[in-house]
Amino acid sequence: MILKRVRSQSVALSLLLTGAVIATACGGEAATATPQSQIAPTTGTGATMVATIGVETPMTAATMGTTASTGPDKGVTPGTAGATPLKVGFAFITSGDNAVYGNSQKAAVQMAVEEINGMSSGPKLEAVYEDTAAKPDQAITVFQKFINNDNVQVIMGPTLSNEAKSSDPVAQKAGVPVLGVSNTAGGITDIGDYIYRDSLAEFQVIPETIKQAKDKLKLTKVDLLYAKDDAFSKSGADVFRTELQKNGIQIINEQTFATADTDYKTQITAIKADNPDAIVVSALAKPAQTILQQARRDVGIDPKVAIIGGNGFNSPAVVKAAGDTAEGLIVGAAWNPNANDELSKTFIQKYTAKNGKGPDQFAAQAYAGTYILYDAAKRANLSGKSPAEARTAIRDALKDTKNLPTVLGSFSFTDKRDANHPPVVQVVKDGKFDILK
Amino acid sequence: MNLAQLPQQLLNGIFSGSIYALFALGYTLIFGVLDILNLAHAAIFMLGATVSWWLVSAQGWSLLLAFPVAVAIAGLLGIVLDRVAFLRLRQRGAPQLSALISSIAVSLIFVGLSRLLFKDDRKQFPDGTFPQVYFDIGSIRVRLLDVVILVVSLALMLGLTWLVQRTSLGRAIRAVAESPKAAALLGVNIERVIMQTFFIASALGGAAGILYGMSLNSIEPGMGSQVELKGLSIIILGGMGSIPGAMLAGFLIGMIEVLSVVFGGSQLKDAFVFVALFLVLLVRPQGIFGLKQGRAG
């Protein structure tokens with residue numbers, strides 16, 4: 001039954017479609033590369049943020065200024081007499097969809113500040129808190145307020161990498177040191193010599209993940225699966241590929257998908273036929289959860305075949321959404337809540353008692369960051385220095401941070417002001433991240 | 001290339017092809033009757049899936065109840081779509097291009113509304129919405145859900161064929177498709193037929209959306225874009241306006257997709273589909289089931 005007889009339309013439309021697919025294939029990558037890298041997840045859970053960044057809280061820079069002076073967010077801890085106090089501006093997301101990350105950071109910082117100010121000697125910390133609301137323009141306003149109104153000597157934050165890309169240049173220009181505690185995108189510390197971070201970038205975590213996975217699972221051959229049109233997933237896949245080759249692990253096949261896809265079964269079925277020891281996946285949080293479900297449930301990948309994920313999988317939200325299909329997932333991270341060194345144990349205990357729930361990686365990195373600043377202030381000797389001198393002194397002292405004991409482990413900065421401490425490799429066990437043994 | 005996966009992949013192709021075919025039927029039906037491409041069809045597909053998800057997860061309905069209700073809502077949205085996007089343009093005798101653009105606008109509105117009401121994240125049906133039963137036959141794994149989806153889509157396709165071929169409504173639809181003027185002269189209420197066509201086409205699109213969302217356990221505002229181009233390829237391949245053509249081409253596209261992964265790799269999955277489309281059109285520019293001459297007048 002033919003409802004219509006058309007020829008010219010179909011030919012024209014097919015040309016249109018072919019053009020469209022060529023345009024997406026060729027142009028799509030270049031066009032998306034920049035924004036994707038800007039919203040690259042900051043730390044593990046960051047990938048979930050990428051998904052929700054579009055939803056913004058209706059808070060303009062102007063209204064922010066008002067809340068800044070009157071709102072409950074402003075907490076200034078007065079320094080006591082003695083050593084010159086260090087004034088720190090903390091820029092975290094404490095409103096909107098991503099507040100869960102900033103709140104965890106703020107709780108950890110408040111705890112650290114309390115501990116430091118309770119010490120009998122050493123400089124005190126004066127803390128000013130502001131909300132960046134996951135908006136780059138608001139992060140800029142917050143930084144300007146810290147620098148010009150509060151006259152802080154150092155800034156910690158902002159929570160997201162894409163906020164940092166906007167706000168950190170402001171601090172760099174004004175000569176105010178910044179310590180990022182959750183930015184993991186590439187290029188953050190390239191902004192300038194005042195920009196530091198204690199959060200490990202993905203290219204620092206993956207080598208350890210592959211090394212440990214190889215040792216403990218005796219990997220010899222794997223398949224690689226990643227999103228071909230997303231800069232974050234692709235750069236993760238590049239790091240994985242290099243590390244796999246370095247470790248002498250064979251990559252049988254590479255499969256790709258588009259970020260908008262939800263059907264990965266065809267690719268996973270092809271992977272299953274390759275019979276690999278493990279599947280290495282580089283994807284954002286959204287595809288990550290679906291891939292886990294379709295692999296374990298729909299295609300029936302054997303539980304003995306490990307799934308090794310990139311930073312996009314390093315999120316309790318992904319593990320929760322994937323349910324029992326996330327069991328056995330291996331992901332590298334900067335810190336794990338089951339860390340059993342003395343500092344971490346005390347931190348976890350105190351944090352849990354205070355906040356009614358355990359700390360996550362965000363809290364640990366912010367907590368360690370506060371102690372890194374305190375350590376720098378001790379060595380910088382701020383007494384009698386002008387504000388500009390004090391800022392430069394803190395920057396120089398940060399550079400000399402060497403093997404400082406923190407919850408993240410023995411901490412130093414690299415020559416490029418990035419974090420330098422051992423990552424942990426996690427495995428999902430009973431729905432939670434545990435340390436791979 | 002590993003041929004051990006072939007039986008499983010062919011099965012995957014049949015299952016996804018059945019959903020593609022169901023989705024493409026809505027395109028072909030509206031094109032057949034109105035001569036316009038309804039680019040809001042993918043948005044209806046998404047809304048059908050989203051509404052069923054909302055009924056099941058937020059309202060606690062059983063899927064057996066939520067499915068027909070969501071399908072009916074998708075059909076009603078199709079009527080809304082016709083009133084908003086096409087009716088005025090049709091009355092003024094506007095060119096087809098205007099209707100095409102207008103349908104893109106409604107599509108954007110629908111997707112935007114869904115973002116606003118249901119957020120942008122990836123949604124899943126709650127556990128236990130459909131029993132997770134698998135049959136492992138050798139190296140092949142068959143999901144009960146996929147079998148049910150195949151049966152449901154085949155039933156809907158046969159139902160549509162029967163409706164168009166054997167009922168008075170179907171006769172009216174075919175009459176309007178052939179010539180609206182002649183149909184009007186013979187006493188067919190054209191506007192009513194168009195409304196009914198939109199309801200049927202959109203209900204089928206909504207049903208396809210629900211099945212797709214269930215099969216992949218993933219529903220989000222952007223999901224329509226994943227089937228939009230496939231749907232258009234299917235109606236071109238099958239012959240624009242041809243119902244059996246859309247069904248056959250749906251399965252064909254599903255098959256080409258999996259075979260391209262088996263023999264070429266997933267990097268070239270989409271390219272294979274369009275190359276196949278191109279080759280078929282070189283031989284048969286009117287599509288598999290299309291007739292050669294263009295429509296008179």
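In chain B, helix α9 (residues 224–238) packs against helix α10 (residues 243–263) at an angle of about 125°, and their axes are 8 Å apart. The two helices, α9(B) and α10(B), are therefore oblique to each other. The structure is a predicted model.

**The α9–α10 pair of chain B**

- The crossing of α9(B) and α10(B) is right-handed.
- On the side of α9(B), the contact is formed by K230(B), S233(B), I234(B), I235(B), L237(B) and G238(B).
- On the side of α10(B), the contributing residues are G245(B), A246(B), L248(B), A249(B), G250(B), L252(B) and I253(B).

**Chain B overall**

- Chain B contains 11 helices and 2 strands.
- In sequence order, the elements of chain B follow the pattern α-α-α-α-β-β-α-α-α-α-α-α-α.
- The radius of gyration of chain B is 19 Å, close to the 19 Å that the globule rule gives for 297 residues, so chain B is as compact as a globular protein of that length.
- Along the principal axes, the C-alpha atoms of chain B fill a box of roughly 60 × 50 × 35 Å.
- Of the 297 residues of chain B, 50% count as buried.
- When contacts in chain B between residues at least 6 apart in sequence are considered, 77% of them join residues at least 24 apart.

**The β11-β12-β13 sheet of chain A**

- Three strands of chain A form an open sheet in the order β11-β12-β13, with antiparallel pairing.
- Strands β11 (404–406) and β13 (419–420) of chain A stand at the edges with a single partner strand each, so one side of each has no neighbour in the sheet.
- The antiparallel pairing of β11(A) with strand β12 (residues 409–413) of chain A extends over 3 bridges.
- L404(A) is placed opposite F411(A), which belongs to β12(A).
- Helix α13 (residues 361–380) of chain A lies across β11 and β12 of chain A and runs at about 155° to β11(A).

**T189 of chain A**

- T189(A) is located in the loop between β4 (178–180) and β5 (195–197) of chain A.
- T189(A) is buried, because 23 other C-beta atoms lie within 10 Å, and the cut-off for a buried residue is 20 or more.
- Neighbours within four places in sequence aside, T189(A) is in contact with I195(A), Y196(A), R197(A), K416(A), R417(A) and D418(A).
- A164(A) is 25 residues from T189(A) along the chain, and the C-alpha atoms of these two residues are separated by 9.8 Å.

Note on methods
Residues numbered from 1 in each chain as written. Chains lettered and ligands numbered in written order. Predicted model: local features only at pLDDT ≥ 70, side-chain atom pairs only at ≥ 80, totals over all residues. Pairing = 2+ DSSP bridges. Helix = DSSP H or I, 4+ residues; strand = E, 2+ residues; numbered from the N terminus. Contact = placed C-beta atoms within 7 Å. Axes fitted to C-alpha atoms, helices over the stretch in contact; angles between N-to-C directions. Rg over C-alpha atoms; globule rule 2.2 N^0.38 Å. Buried ≥ 20, exposed ≤ 12 C-beta atoms within 10 Å, placed from the backbone. Parallel < 35°, antiparallel > 145°, perpendicular 65-115°, else oblique. Left-handed = near helix turned anticlockwise from the far one by under 90°.
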